[in-house]
Amino acid sequence: MSANTYQTPNYKEDPAKRNRARMLISCPDRPGIVAAVSHFLHEQGANIVQSDQYTMNPEGGMFFIRFEFDLADLDKQLPVLQEDFGRIADRFQMKWSTFRASRKKRLAIFVSKEDHCLLELLWQWQAGDLDAEISMVISNHPDMKGIVEPFGIPFYHVPVTANTKEEAEKKQLELVADKVDVIVLARYMQIITPKFIEHYPNRIINIHHSFLPAFVGGKPYAQAYTRGVKIIGATAHFVTEELDGGPIIEQDIQRVSHRDNVDDLKRIGRTIERTVLARAVKWHIEDRILVHGNKTVVFN
């Protein structure tokens, strides 16, 4: 079946993880999958340090598994392992990916005028809790430049209007090309076009300030206030062509009351948004997410 490996050069590496790799697998459920993969890794000389699995619809459904393993001389041995694993993958009709844990994924953060989600990511990155490289921040407004540059991260202002959207996305793609693995929309208040999305399938993470599928689109807090909700939330999801309709990675909520106006809902929501987005990004860079159709399996 299909295998994905990320071997792009110019990654920053964590020497402490130089011999650790991760494998993500999805396939039709049947007996013997775990035994076959475990035996294969053992034959290759790998030591499994973590394993998580899930069966969706046990009778005739799908099976998902994540292995984390150590393998001596990984740089040399992993390509051999990947080639040899083909016979196991074909036997079980697997879609599979391998990742080197030492290679920090490279992020581009897109932001507009609100700073709370951006700041959360920057703080977690600075503290070492976000094991990634933030390659750049791109914004359609200049407001965030003073926040970003003290972190030593390149900031690019790419204005976007209805008449210049195609040109702006072309410029953005030029900036991220070969430099970025994941794009994070940290309250980036522009719709991403299908032409852009096709370059990063299931690698663009958005935070929507609503507990999807409720209140899709613009001004969800105003929509929630008008509806008189008692719970508000936020949703991190992969971006697809369907507006706010991509596979959901993480959600969270908080209770509100009739006493809270729209501004109160926005204030409460900002805290939810920043934590939900940071969790989703963290799980993605740690290779904990498998996408199946419009759903995700998250081994967190």
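Reader: What follows α8, and what is its phi?
Author: α8 is followed by Gly228, whose phi is positive, near 75°. Helices here are DSSP runs of H or I with at least four residues, strands are runs of E with at least two, and both are numbered from the N terminus. This is a predicted model, in which local features need pLDDT of at least 70, side-chain atom pairs count only at pLDDT 80 or more, and totals for chains, interfaces and linings use all residues. Residues are numbered from 1 along each chain as its sequence is written, and side-chain values use heavy atoms, with hydrogens and water left out.

Reader: Which residues of α8 are buried?
Author: Pro220, Tyr221 and Ala224 are buried in α8. Buried means under 20% relative accessible area, exposed means over 50%, and partly exposed is in between, with a 1.4 Å probe and protein chains only. Down the axis of α8, the buried residues fall within an arc of 100°, so they line one face of the helix. The arc is that of the directions from the helix axis to the C-beta atoms.

Reader: What do they pack against?
Author: The buried residues of α8 pack against β10, β11 and α9.

Reader: And Lys230, where is that?
Author: Lys230 sits in the loop between α8 and β11. Its relative accessibility is 41%, so Lys230 counts as partly exposed. Setting aside neighbours within four places in sequence, Lys230 is in contact (heavy atoms within 4.5 Å) with Gln254, Arg255, Val256 and His258. The C-alpha atoms of Lys230 and Gln254 are separated by 8.6 Å, and the two residues are 24 residues apart along the chain.

Reader: Moving on. Which residues touch the most other members in the largest nonpolar core?
Author: Leu121, Leu277 and Val281 do, in a core of 41 residues. A nonpolar core is a set of buried Ala, Val, Leu, Ile, Met, Phe, Trp, Tyr and Cys residues joined through side-chain atoms within 4.5 Å.

Reader: Which elements give two or more residues to it?
Author: They are β6, α4 (116-127), β7 (132-139), β9, β10 (204-208), α8 (220-227), β11 (231-238) and α9 (262-285). α9 gives the most to this core, with 10 residues.

Reader: What is Val281 in contact with?
Author: Leaving out neighbours within four places in sequence, Val281 has contacts with Leu107, Leu121, Leu130, Val184 and Ile205. Another core, of 24 residues, lies apart from the largest one, and among its members are Ile25, Phe40, Phe85 and Ala89.

Reader: How many aromatic pairs are there?
Author: The count comes to 6 aromatic pairs. Rings of Phe, Tyr and Trp (its six-membered ring) pair if their centres lie within 6.5 Å; planes under 30 degrees apart count as stacked, over 60 as edge-to-face and the rest as tilted. One of the pairs is Phe110 with Tyr188, edge-to-face, at 5.4 Å centre to centre and 85° between the planes.

Reader: Why does that pair tie together parts that are 78 residues apart in sequence?
Author: Phe110 lies in strand β6 (residues 105-111) and Tyr188 in the loop between β9 (182-185) and α7 (194-197), so the pair links parts 78 residues apart in sequence. Phe110 is buried at 0% relative accessibility, and Tyr188 is buried at 5%.

Reader: Which ring pairs link up into a cluster?
Author: Ring pairs join Phe110, Tyr188, Phe196 and Tyr200 into a cluster.

Reader: How many disulfides does the structure hold?
Author: The structure holds 0 disulfides, a disulfide being a pair of cysteine sulfur atoms within 2.5 Å. Cys27 is buried, with a relative accessible area of 0%, and Cys117 is buried at 1%.

Reader: Which residues does a cis peptide bond join?
Author: A cis peptide bond joins Leu212 and Pro213, with omega about 15°. Pro213 is in the loop between β10 and α8.
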